[in-house]
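This report describes one residue and then the chain that holds it. Please look at the structure below before reading on.

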Amino acid sequence: MNVLATAASEQQLIIKKLTEYISAHVSDSTAWHLPFVPIHELPFGLTLHMVMMLIAATFLVVMFCMLYKKNARVPSGVTNLLEVLVVFVRDEIAIPNIGEKDGRRLTPLLCT
């Protein structure tokens, strides 16, 4: 019986450590921990999740602005990839959930 109690307590300890490890990586923070660099506190009440969303949004805007060619009737290369993402959001997320009319109208908002 003592062996079972010890195994159960070890299992609970492992679960506790795993929970702490995961929550430390998922929880939001106001400090940016970069490898090989001292910890940076984020200004203006920004959180790490907000910074990552801004980086992703900036990346997508730059991709659309630099790679989109208005003269081309058929997209090619990276423009084709961006179109696939927009069509996925429209056809698989927007239209099934909010209807045909509003789904087409709100697709640009959902792509942000």
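In this predicted model, T47 sits in the loop that joins β2 (40-41) to α2 (48-67). Helices (H or I, at least four residues) and strands (E, at least two) are DSSP runs, numbered from the N terminus. T47 counts as buried because its relative accessibility is 17%; buried means under 20% relative accessible area, exposed over 50%, and partly exposed in between (1.4 Å probe, protein chains only). Leaving aside residues up to four places away in sequence, T47 touches D28, S29, T30 and L42, where a contact means heavy atoms within 4.5 Å.

Residues are numbered from 1 along each chain as its sequence is written. The model is predicted, so local features need pLDDT of at least 70 and side-chain atom pairs count only at pLDDT 80 or more, while totals for chains, interfaces and linings use all residues, and side-chain values use heavy atoms, with hydrogens and water left out.

The protein chain has 4 helices and 2 strands, in the order α-β-β-α-α-α along the sequence. Its C-alpha trace spans about 75 × 40 × 30 Å along the principal axes. The radius of gyration is taken over C-alpha atoms, and the globule rule is 2.2 Å times the number of residues to the power 0.38.

| Item | Radius of gyration |
|---|---|
| Protein chain | 23 Å |

Of the 112 residues in the protein chain, 11% are buried. Among contacts between residues at least 6 apart in sequence, 2% join residues at least 24 apart.
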